[in-house]
Amino acid sequence: MSKKVIVTAAVHPFLLATLEQKGFEICFEPTITYDQLRVQISDAIGLIVTTRLSIDAKIIDNAKALKWIGRLGSGMELIDTDLAQSKGILCVSSPEGNCTSVGEHSLGLLLNLMHRIHSAYGEIKMGQWVRDANRGDELTGKKVGIIGFGHTGTAFAKVLTGFGVEIIAHDIYPRALGWQQFPHVKMVQLETIQQEAEVISLHLPLTPLTTHFANAHFFEQLKQNIQIPTTPTKFNTNNLFYKIHLPFYNLIKNFVAEKTKDTVFFDSVLFTVLLFTYPLFIISLFFILNIFHLPTTIILVILVSLPIMGKRVQE
Ligand SMILES: NC(=O)c1ccc[n+]([C@@H]2O[C@H](COP(=O)([O-])OP(=O)(O)OC[C@H]3O[C@@H](n4cnc5c(N)ncnc54)[C@H](O)[C@@H]3O)[C@@H](O)[C@H]2O)c1
């Protein structure tokens with residue numbers, strides 16, 4: 001029986017030493033490409049991956065001897081786990097490994113956002129000192145909502161201790177990680193977070209339930225302007241930044257969403273097309289009818305600008 005294990009990323013020497021000790025034959029390939037892996041996987045018994053390569057049906061179908069896939073870190077989004085498990089391949093992640101790091105990273109993103117560090121840095125590099133627009137907002141005293149209270153969500157709650165914030169959290173399986181260990185966190189419904197939080201941090205895996213989780217509807221339910229740092233590995237934010245009301249936009253978007261299940265790229269194309277074609281259509285109509293005079297021009301301007309006056313949902 002094959003003993004070959006392909007390691008597709010730089011790993012701690014302890015992992016390699018332990019695998020060797022257990023009699024595995026290591027193929028250490030931290031720069032292996034997708035196509036190379038597709039060939040080399042045919043006789044491997046084990047596979048160690050990060051998020052660098054997508055372990056999809058083409059790889060799994062070629063993995064005739066594969067018995068297990070080990071994922072360094074959290075999130076199985078880039079592995080076709082359903083197919084793997086149907087073929088008897090065990091898929092195991094190690095979320096404890098980097099959750100503290102992700103918690104700290106989330107805090108870094110949040111402070112960066114609230115104190116405009118990144119944007120101000122870019123401006124300063126270009127010789128601009130924009131004082132007022134870059135005035136920061138304090139995290140202290142804010143109400144922070146955490147959606148998904150698993151490994152990274154709880155790690156984020158831990159690093160927030162000391163900032164004097166009130167933390168509310170939502171999870172569909174709230175008892176999964178023993179949230180009793182977090183007496184300073186109040187478990188609430190999603191709606192409470194949407195209505196009360198001033199900061200929202202998403203720590204969800206990508207599943208059929210969370211696809212397009214942060215869509216226009218999600219933002220419409222928010223009662224105030226909020227700050228959102230995000231860390232998910234693969235997370236669809238449908239209309240994350242703006243929802244602009246254009247005629248037929250929602251109608252066409254919903255139709256395509258149902259057919260393709262993916263609107264992220266389509267959204268931007270549709271938005272651009274409608275943004276330009278609608279005013280052009282109205283102007284051409286008035287030219288054709290040859291009725292350009294003052295009242296008509298005023299109506300024309302209103303008609304053209306109304307749909308473009310979008311509702312800004314989140315910045
Ligand atoms: N960017 C990074 O470096 C990095 C690192 C680690 C994890 N991640 C991402 O973060 C995701 C979460 O990681 P984790 O280790 O915290 O996973 P986890 O499984 O420990 O926690 C996820 C939590 O989300 C909850 N959940 C699932 N669907 C939900 C829904 N619809 N509503 C509310 N709660 C829901 C689950 O019950 C679970 O408690 C990963 O899937 C990965 O995409 C990113």
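Reader: How do you know which residue a number means, and which residues count here?
Author: Residues are numbered from 1 along each chain as its sequence is written. The model is predicted, so local features need pLDDT of at least 70 and side-chain atom pairs count only at pLDDT 80 or more, while totals for chains, interfaces and linings use all residues.

Reader: What is the mean pLDDT of the chain?
Author: pLDDT is the predictor's confidence in each residue, from 0 to 100. On that scale the chain has a mean of 83, and 75% of its residues reach 70 or more. A contact takes two C-beta atoms, placed from the backbone, within 7 Å.

Reader: What makes something a "strand" or a "helix"?
Author: Both are DSSP runs, numbered from the N terminus: helices are H or I with at least four residues, strands are E with at least two. Strand 3, for one, covers residues 46-49, so it meets the definition of a strand.

Reader: How do you know that strand 3 and strand 4 pair?
Author: Pairing needs at least two bridges found by DSSP. Four bridges join strand 3 to strand 4 (residues 68-71), so they pair, and they run parallel. Gly46 stands opposite Trp68 in strand 4.

Reader: Which sheet do they belong to, and why are strand 2 and strand 5 at its edges?
Author: Five strands form an open sheet in the order 2-1-3-4-5, with parallel pairing. Strand 2 (25-28) and strand 5 (90-93) each have a single partner strand, so one side of each is left without a neighbour in the sheet. From one strand to the next, the twist averages 15°. Angles run from 0 to 180 degrees between N-to-C directions, and axes are lines fitted to C-alpha atoms, for helices over the stretch in contact. Helix 1 (residues 13-21) lies across strand 1 and strand 2, at about 150° to strand 2.

Reader: What is the order of the four-strand sheet?
Author: That open sheet runs 8-7-6-9, again with parallel pairing. Strand 8 (185-187) and strand 9 (199-202) stand at its edges, because each has a single partner strand. Strand 6 (residues 143-147) is joined to strand 9 by four bridges, and Ile146 stands opposite Ser201 in strand 9.

Reader: How many residues surround the ligand?
Author: There are 29, and the closest are Ser74, Gly75, Gly148, Gly150 and Pro205. "Near" asks for a C-beta atom, placed from the backbone, within 6 Å. Helix 7 (151-160) and helix 5 (99-114) each supply at least two of the shell residues, with the largest share, three residues, coming from helix 7.
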